[in-house]
Amino acid sequence: MFSRCLVFVLLILQNVSYGQDFDAEVLLFERDISISRGRLIKNSRYEILINNRDGEKHTNVSIPFSSLKSVQNINAYIKDNEGEVVRRLRRGEITERSAISSVSFYDDNYVKEFSLRHNSYPYTIVYSYQETHREFFYIDNWSPVIASSIPTRKAVLTLELPDDYIVSYSNRFVDLPEKETTRNRKRYRWKADYPEPVSNERMSPPFYSFLPSVVIVPIDFVYELEGSFATWEDFGNWQHKLLKGAAGLPDDEIRRILSLTEGIEDDKEKIRILYHRLQNETRYINVSVETGGLKPYPASYVAEKKYGDCKALTNYFKSVLDVAGIKSYYTLIHAGSPVRKTDKTFPFQQFNHVILHIPLAGDTLWLDCTSKGPFNYPGTFNQNRDALVIDRDNSRFVSTPAMTKEDVAEKRKFGISYNLDRSATVSLHGKYRGAMFELLLSLERTFGESDRSRFIRNNILESGFNMESYSLYRPERDSQAIEFKYSANTRNIYNHQGNLILLNNIPFNLPRLERPENRKLPVQIDYPVYRTDKLVYDIPRGYTVGSDFQNHRVVTDFGEYSLQFLEKEGSIEVVKSMLIHSGSYSVEEYEDFYGFIKEIEESENSTNIVLMKN
Amino acid sequence: MKKLLSTGLLMIFTLTLSFAQDFPLEFGNISREEIEMDQYSRDKDAEALVLFDIGKTRFERNNGSFDVMYERTTRIKIFNDAGIEWSEVEIPFYSHGNINERVIDIEAFAYNEEEGEIVRTPLNSSDIYEESINEYWNKKKFAIPNVKGGTIIEYSYKIRSQHLFNLRDWEFQWSIPVLHSEYEIRMVPFLEYSWLLQGADEFDIFDYYRDGSSPRYFGSTGGYSSRPYYDMVYRYGLRDVPAFIEDEFITSVNDYIIKIDFQLARITSIDGSTRNIMTSWREVKNSLSDHAGFGIYANRSRRRASRVIDTREISEKPDREAFNHVMDFVKENYRWNERSGIFSGKSAREFINDKSGNSAEINLFTIGMLNRVGIEAYPVVSSTRRHGRIREDFPSLNQFNYVLIAAMIDGEMVLADATDPKLKNDRIPARCINEKGLIINDGDDAEWVSLEPDFPSTIKREIAIRFNENNDITADITKTATEYDALYYRNSFTDDKEEIFEKLDSKEYNIKEESISVQNHDKIELPYILDYKISDAVQTIGESIYLSPFLNEAITENPLSQEERTYPVNMTYPGKRVFKTTINIPEGYEAEYLPDRQRINNQLFELNYSTESDNGVITVSFDYHFKQSVYSPSVYSSVRFYYDQIVNKGNEMIILSKISDSNN
């Protein structure tokens, strides 16, 4: 459904803004891939037209390489407007540096970089290079898009390989390839363009899903071991074989595991004890070299160093549970937000994380072995998506549980008292679950005091509130809720105007959204948002309530909102709640969704209570 | 606090200190007290504590010269999960040209208590990695194994370096507290260093002595020409150093952290002759004038100038015109590669060919061109805000990372920079505003020029509000920005209406996209002017209309959220804000309440607020001016108070009420 909407959008855009000036344009992107005798060679060539100074960033070229992928024959030059070559890249101008990914402590990714410029526009930078892959399990993840903000006029991908070499591919917004066979070789050719740049929008599905691409994988591959993408079971078997060599723990580790679980009957309790030990003793450190992106370090590595990445820690804990006699499954998942839907029709490495799946009698556990959070808490990171459970000859997709509104409930109570200098002292007592629980827990656990208080002062407090004190309570170990209190001073509540005081609300934090006329992408909300606030305002001495209360309630398919007032002796109570369901909405439905959020925003931002001087 | 290390002249600071906690300072020797320690009494919230951090520097002979051998041993107690990150250690080292630093002998251990025993886990050498940061810098990195809350980690390593001019800084202060930090340097008679302590007045440990135990020989060992010499050992230490807390609105951590710097001052040869390296700014100046990548590069640029522009024709123009011509030409034809630097790494010919370069390449080239067309122009070496401020009592090239232009136009000195085409020709970028720079001219003395702007940058907002029939309002807003504020608007708002709409839209009122217009975007000598129209609903309570005269244009929050502050508030440049609103009172209404006048005026700050109601038109005028760009901690509470006043006056409402019928 999404994809159809987008094609529609792209066509419309093309008509509207044809002829718009771009800072730069990719005139041509060609890539020729050939496979012979197990070696994968890619030749890429780019021609980018630079129209002005703002487009010049596209002359900064960065080419990744690693121990499995070498880069050679880098050539680059600049053509002026007349087509004359005015500048050529000198070998000495290419620099190299590490390009360690943000999740890694160390890996063997590097880049070669250079930049070439000219001083009269427009000009064209042309560059080309060759990559050679030693071991590979995908052939290319190709896209005509070089940078999402500039168009690509023409892009061609050619794949040439032996007749008997079988590949599978998946096209998104790219036509099927032309196919040609010559003697014992065959050739595929994809043509694509990207005439109108797409830009990302808030609360939308993953951005990549709106860009054209072709993913090509070999059906049979050798990556560490022989494997196959023919079916998910085949891919699972390859992963299973990789794991087989990584099991096994040292003897004294086995002894400790057994002594910890001795006499405990209940499996879940055993797992809990061992999971707590895992959390206490190990930490997340990702070191990935060569095929380390997919092959975990052995369990004995973690037993010795007490650290590892998600693969290593999960594999280690699987071995720990084996010792305790509990069967568990190494499970591949694409974690994070927005949720990225697995293409089940196309067996391929589509995952970025590993967790442990444990089916117990009458209960199913999901353990994220990198987490310091509660036991059996997949969290917003892993919830509600397909995960590939690795099992010999029986690898299969299982869905992780979806968070319900109760799982994400945020309840806050504000006591608001009036000070003689017309400011207010606000004391909050909040109880949080869901994303906010995860954030506060990580603040409590992994931040030093000065960073924590700065973060709270700048990011958690309502705007215009000056923090006086706060306390963040370390919850019970496996609790999925956290309590937080603060006290703050603010001039934003009692707004004196002549003889009146306008009592301001403490509004819910709402997503900022594009207006419907500007919105181009659909909406995706991965888990619900559910907040309930109670505000108790002091009525300053000498004032009485001078307005009627307007209770408010909205119920839509997207969620609900309610606002209620209650006048008490010397105080006013306001109770508000907001629920936004998880869901996916098309661009056509966006206007209504926007209207719902706007209605809440208007209600939250208007002053509802007026106090009058007696 | 600057000292020259020359034997015999130094006072000895006291060594009579009683230490609250005396832990062993020896690698590998862990006491039970350290293992059992669960917090640091002076900072109970600290996630970790540096138990000791000991650095030793000595000079080792290497082919007639010396290498610097730098040795460091560090022990850290980790109190909880938040402290575990300290077990990931990174050691940067330099490798480029003649300098080829090596990190050797890395050792690291974790100590944990397990079943009553102290268990030691070593780091395997195969778990030490090397990352290449850029063409100059690399780092060794390792994660110590078996670390959790309660663990003690310790590590030691050596660095061999050929870099004699600047020794590595020794930072006594970390972002976690430090119990004991000590730095020892074994001086050889051939190299004399000056040193500077920042952030502290004196040492807890200071000691020096001649190490007479073993003479060393310079020249072939024991040979005829060899001479004996002895090391002079200097030891500097601080105890119980509090954690460095980084504040908002500071220039650079480098300016405030407690550290000691060493800079080569004099070289003495075996024959007794001496060569001064950098004991004065004058010498710094001279060394630049003669440098291939500085003075010589600028000269070559001057010679080549006539190949790229018609120097004869330009030199006949009046100063100002010729200056603008050259500046415009460079800005249009050469690109800054976003790198700072005081030296050119290219020849002038290469720069002309590449058409891009670092700040030195561009600005020295411009200076050469200016000189060629008859304008007196000199380089000004300076330090960008991120790089930290210049310490005048410590002459050293290392303090600089940027070159600006000083041109004499009609007898007046104008500071300039050719890296940013959106900047006026006689202005320097905001990133370069940092106290002062050293002018590199022919004079004998060191001359400093102030880089601080003495003019305000202004944003003026004129708002005309009219009521529509349904009591909604329409407002025309005109924003006029000058100087650095104009530069900000040109860079971030540009003249792209869609972009501007997106930016303005965050103010949450209805902007009519088609009403957006920009004037002078490309005429950088003129103010940037942005016009747009908005419509908004007003608040009505009973028969009265409540209206905020500046709509959502004034700031609603005091940006200084902390109660107190230890470092200056640095606003980069003095800023002025002006608001002027006119409101046409709707038919049948009158002004019921207009906010009070207010006026503040002193050396730090000025604020004026006034209202006027005349002929059915209300005029509200509001302006404020931060007169300085830097405010010291002693006036922090005043500055914070001024912001409170700004927020308050900027958001006060006026009340319009229906004219009662009783008069009719």
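Tutor: Start with strand pairing: two strands count as paired if DSSP finds at least two bridges between them. Keep in mind throughout that this is a predicted model.

Student: How many bridges join strand 4 of chain B to strand 5 of chain B?

Tutor: Two bridges join strand 4 to strand 5 (residues 99-100) of chain B, and the two strands run antiparallel. Within that pair, B:H96 stands opposite B:I99 of strand 5. The hairpin made by strand 4 and strand 5 of chain B has two residues between the strands, and B:G97 takes a positive phi near 60 degrees there.

Student: Which sense does the pairing of strand 4 of chain B with strand 9 of chain B have?

Tutor: Strand 4 (residues 88-96) of chain B pairs with strand 9 of chain B in the antiparallel sense, over seven bridges. To place one strand against the other, find B:F93, which stands opposite B:N138 in strand 9 of chain B. Strand 9 of chain B also pairs with strand 8 of chain B, again antiparallel, over five bridges. In that pair, B:E130 stands opposite B:K140 of strand 9.

Student: What is the order of the strands in the open sheet of four strands in chain B?

Tutor: The order is 5-4-9-8, with antiparallel pairing. Strand 5 and strand 8 of chain B stand at the edges with a single partner strand each, so each has one side without a neighbour in the sheet.

Student: What is the order of the open sheet of eight strands in chain A?

Tutor: In chain A the order is 5-4-9-2-1-11-14-13, and the pairing is mixed. Strand 5 (85-88) and strand 13 (178-182) of chain A are the edges; each has a single partner strand, so one side of each lacks a neighbour in the sheet. From one strand to the next, the twist averages 15 degrees. An example of parallel pairing here is strand 1 (residues 24-36) of chain A with strand 11 (residues 152-162) of chain A, over seven bridges. A:E30 has A:V156 of strand 11 of chain A as its bridge partner.

Student: Now the helices, please.

Tutor: The angle between the axes and the distance between the axes describe two packed helices.

Student: At what angle do the axes of helix 3 of chain A and helix 4 of chain A cross?

Tutor: The axes of helix 3 (residues 251-261) and helix 4 (residues 267-281) of chain A cross at roughly 130 degrees and come within 10 Å. Helix 3 of chain A is therefore oblique to helix 4 of chain A. Their crossing is right-handed. From helix 3 of chain A, A:I257, A:L260 and A:T261 meet A:K270, A:I273, A:L274 and A:R277 of helix 4 of chain A. This contact has four nonpolar, one polar and two charged residues.

Student: Which residues make the contact of helix 3 of chain B with helix 7 of chain B?

Tutor: Take the geometry before the residues. The axes of helix 3 (residues 295-308) and helix 7 (residues 359-372) of chain B come within 7 Å and cross at roughly 55 degrees. Helix 3 of chain B is therefore oblique to helix 7 of chain B, and the crossing is right-handed. Helix 3 of chain B contributes residues including B:Y297, B:A298 and B:R302, while helix 7 of chain B contributes residues including B:L364, B:F365 and B:R372. By class, the contact divides into seven nonpolar, five polar and two charged residues.

Student: Into which domains is chain B divided?

Tutor: Chain B is divided into domain 1 (2-12 + 45-273), domain 2 (282-450) and domain 3 (457-662). Between domain 2 and domain 3 of chain B, the C-alpha centres lie 39 Å apart. Five residues of domain 2 and eight residues of domain 3 of chain B take part in their contact. On the domain 2 side, three residues are nonpolar, none polar and two charged.

Student: How many residues does the contact take from chain B and from chain A?

Tutor: It takes 34 residues from chain B and 35 residues from chain A. On the chain B side, strand 8 (128-132), strand 9 (137-143), strand 30 (539-541) and strand 34 (589-593) each supply at least two residues. Strand 8 of chain B gives the largest share of that side, three residues. By class, the side of chain B that touches chain A has 14 nonpolar, eight polar and 12 charged residues. Strand 8 of chain B is also an edge strand of the sheet of four strands discussed above.

Key
Residues are numbered from 1 along each chain as its sequence is written. Chains are lettered from A and ligands numbered from 1 in the order in which they are written. This is a predicted model: local features need pLDDT of at least 70, side-chain atom pairs count only at pLDDT 80 or more; totals for chains, interfaces and linings use all residues. Two residues are in contact if their C-beta atoms, placed from the backbone, lie within 7 Å. Ala, Val, Leu, Ile, Met, Phe, Trp, Tyr, Cys and Pro count as nonpolar, Asp, Glu, Lys and Arg as charged, and the others, Gly among them, as polar. Domain bounds come from an automatic or database domain assignment. Axes are lines fitted to C-alpha atoms, for helices over the stretch in contact, and angles run from 0 to 180 degrees between N-to-C directions. Angles under 35 degrees count as roughly parallel, over 145 as roughly antiparallel, 65 to 115 as roughly perpendicular and the rest as oblique. A crossing is left-handed if the near helix is turned anticlockwise from the far one by less than a right angle, and right-handed if clockwise.
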